[in-house]
Amino acid sequence: MTSEFGPALTILAADPKLVEPVAGGWQLILAALAGIALIVVLITIAKLHPFLALIFGAITVGVVAGQNPGDVLDSFGKGFGDTAASVGILIALGAMFAKLLADSGGADEIVDTIVGRASPRAPPWAMALVGAIIGLPMFFEIGLVLLMPVIYLVAKRSQLSLITVGIPALAGLSAMHGLVPPHPGPLTAIGLLHADLGVTLALGVAVAIPTVIVAGPLFGRLAGRWVVLDVPDRFDADDFAGTAGGSVTSAEAGGEGTTTQTATRVERQRPSFGMTMFSVLLPVGLMMGKALVDIFIDDKAHPLRQTFDILGRPLVALLIAVVVGIFTLGRGAAMTRDQVVKCLETSLPPVAGIILIVAAGGGFKQVLVDTGIGTMLADWAKGTGISVILLAWVLAVLIRLATGSATVATITASSLMLGLVEGMSTGEVSLVVLAVGAGSLFFSHVNDAGFWLVKEYFGMTVGQTIKSWSIMETVLSVTGLVLVLLLGIVI
């Protein structure tokens, strides 16, 4: 099985198919459980950063399995370096593009255009669409902070429950975060399991759309009856009205002469809606285009296939998106060169921790691989006949519940599934990736930072947050699993 992830993952994809177990079956099981348990305890009880927890967990796995400590450290270093050199680059480029989208006002333009054109009865559906589009290039936390003022405003103007309006937006953000690359979770699972990115992206979008509908507008209507909230006064709705007032100079607005002012809000010139959507969808189109060309054009020497083999690789597609975004978003918002440079510079520090966690997850995975536990699990799964897709989802769910981290759940579950995907078709491996992603979203609760972020922004109690946000995440996860299993029947 080959990887279509591009040269950035050449080393990662070159892992040996399977290695012989270094110890007996029960000792390997004990090693894996000990490593995972230590990660859980260090993150949840000791409050240690996941980066350090994954290092200690990897060392524990190797030592308990009976490996030489030096070999364990070598395995971890190899996995760490391979992952940082591949996935880390993509996360950094994605963060740059997301910051351009936010700082230029392009994200605001998407929100205002879609919500502003929605009928009076359609705000929940419009918010689900906005959440999905904003969630495509942005991390969940960034998208949530960006959308909360809009959720407040739409709830006030439509006189709908804050939960009825907010849950669809959260569902759109969360589904993109767990199911659709280039987010770190699915991107890492693709790299670890050597899945085809274009196929996974297409299937992820196909799964995400109905999942967002079920967990968003449909569940949001029900949750709005369970949890009745007043819109918090954190933002004044007038602050987010459309521009209506005289323009001001750069001295008055603190800008570069390109801002306008309402009675209460200073607002930068924005790129157009069409140009913003083009910028957001450009990398997605390039990566999906590569997948389609690979399917319909068998001749590898064909000029179109050779072109998309380059342009459709994630590294190139995201690099093109950033470069194009500098002009379509940055210059479209009349940002100066210094402002664009500052925007790109400030986008990287917030994702440094994420890159380190993902890279450490790659090291943890390599230690698991080198113990041979993948071979053992593969033999066990073949003997029991259990669905690999269901097993992947269950493993991700258990780790998500224990650690509260979707990224850690994705990394660990994917690592344990390595031996089980050998010999599976390209589409089947992509479905395993999506099953892991769906499982990693299951029932966010008090050990998840996202739980507290949602609680505070919506002004809910812990009980209300569980009845709305936590159950929404569970509906999202289970619906995603059902859809993946249905796709598994025909793929």
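User: How many cavities of 30 Å³ or more does the structure hold?

Analyst: A cavity is a space where a 1.4 Å probe fits but cannot get out. In this predicted model, there are four cavities of 30 Å³ or more. The largest cavity has a volume of about 90 Å³.

User: Which residues line the largest cavity?

Analyst: The lining consists of Gly 94, Phe 97, Leu 136, Pro 137, Pro 182, Val 280, Pro 283, Val 284, Met 287, Leu 318 and Ala 321. Helix H4 (69-103), helix H12 (273-296) and H14 each supply at least two residues of this lining. The largest share, four residues, comes from H12.

User: What is the volume of the largest pocket, and which lining residues lie nearest its centre?

Analyst: A pocket, unlike a cavity, is an open set of points. The largest pocket here holds about 620 Å³ of space. It is lined by 25 residues, and Glu 141, Ser 405, Thr 407, Asp 448 and Ala 449 lie nearest its centre. Two or more lining residues come from each of helix H7 (140-158), helix H8 (162-179), helix H16 (349-371), helix H18 (388-403), helix H19 (406-416), H21 and H22. H16 gives the largest share, three residues.

User: Is Ala 155 buried or exposed?

Analyst: Burial is read from relative accessible area, and buried means under 20%. Ala 155, in helix H7, is buried because its relative accessible area is 3%. Leaving aside neighbours within four places in sequence, Ala 155 is in contact with Leu 160, Ser 161, Leu 162, Val 165 and Val 231.

User: How many residues of helix H9 are buried?

Analyst: In helix H9 (residues 184-193), 10 of the 10 residues are buried, so the helix is largely enclosed by the rest of the structure. Among them are Pro 184, Pro 186, Thr 188 and Leu 193. For the protein overall, 56% of the 491 residues count as buried.

User: Which residues have a positive phi although they are not glycine?

Analyst: One of the cases is Ala 334, with a phi of about 60°, in the loop between helix H14 (314-330) and helix H15 (337-346). Another is Phe 443, with a phi of about 35°. Phe 443 is in the loop between helix H20 (426-439) and helix H21 (449-458), and at 26% relative accessibility it counts as partly exposed. Just after H9, His 194 also takes a positive phi, about 60°.

User: How many salt bridges are found, and which residue does Lys 99 meet in one?

Analyst: A search of the whole structure finds seven salt bridges. The side chains of Lys 99 and Asp 103 meet in one of them, at 2.6 Å from N to O. An α-helix has 3.6 residues a turn, so residues three or four places apart point the same way. Asp 103 and Lys 99 are four residues apart in helix H4, and are therefore separated by about one helical turn. Asp 103 is partly exposed at 31% relative accessibility, and Lys 99 is partly exposed at 23%.

User: Which salt bridges link separate helices?

Analyst: One of them joins Asp 309 and Lys 290, with the closest N and O atoms 3.8 Å apart. Asp 309 lies in helix H13 (residues 303-311) and Lys 290 in helix H12, so the pair ties together parts that are 19 residues apart in sequence. Lys 290 is buried, at 7% relative accessible area. Another joins Glu 473 and Arg 400, with the closest N and O atoms 3.3 Å apart. That pair links distant parts of the chain, Glu 473 in helix H22 and Arg 400 in helix H18, 73 residues apart. Glu 473 is buried at 2% relative accessible area, and Arg 400 counts as buried at 4%. Elsewhere, salt bridges that share partners join Glu 109, Asp 112 and Arg 270 into one network.

User: Which residues make the nonpolar surface patch?

Analyst: Val 478, Val 482, Leu 486, Ile 489, Val 490 and Ile 491 make a nonpolar patch of about 550 Å². Val 490, in helix H22 (residues 462-490), is exposed, with a relative accessible area of 67%.

How values were computed. Residues are numbered from 1 along each chain as its sequence is written. This is a predicted model: local features need pLDDT of at least 70, side-chain atom pairs count only at pLDDT 80 or more; totals for chains, interfaces and linings use all residues. Side-chain values use heavy atoms; hydrogens and water are left out. Patches are made of residues with over 30% relative accessible area and no salt bridge: like charges are joined within 9 Å, nonpolar side chains (Val, Leu, Ile, Met, Phe, Trp, Tyr) within 5 Å. Accessible areas come from the Shrake-Rupley method with a 1.4 Å probe; for residues, only the protein chains shown count as cover. A salt bridge is a side-chain nitrogen of Lys or Arg within 4 Å of a carboxyl oxygen of Asp or Glu. Buried means under 20% relative accessible area, exposed over 50%, partly exposed in between (1.4 Å probe, protein chains only). On a 1 Å grid over the protein atoms alone, a cavity is a set of points where a 1.4 Å probe fits but cannot get out, and a pocket is an open set with protein on both sides within 12 Å along at least five of seven lines; lining residues have an atom within 4 Å of a point. Grid points are joined across faces, edges and corners, and a volume is the space filled by probe spheres set on the points. Contact means heavy atoms within 4.5 Å.
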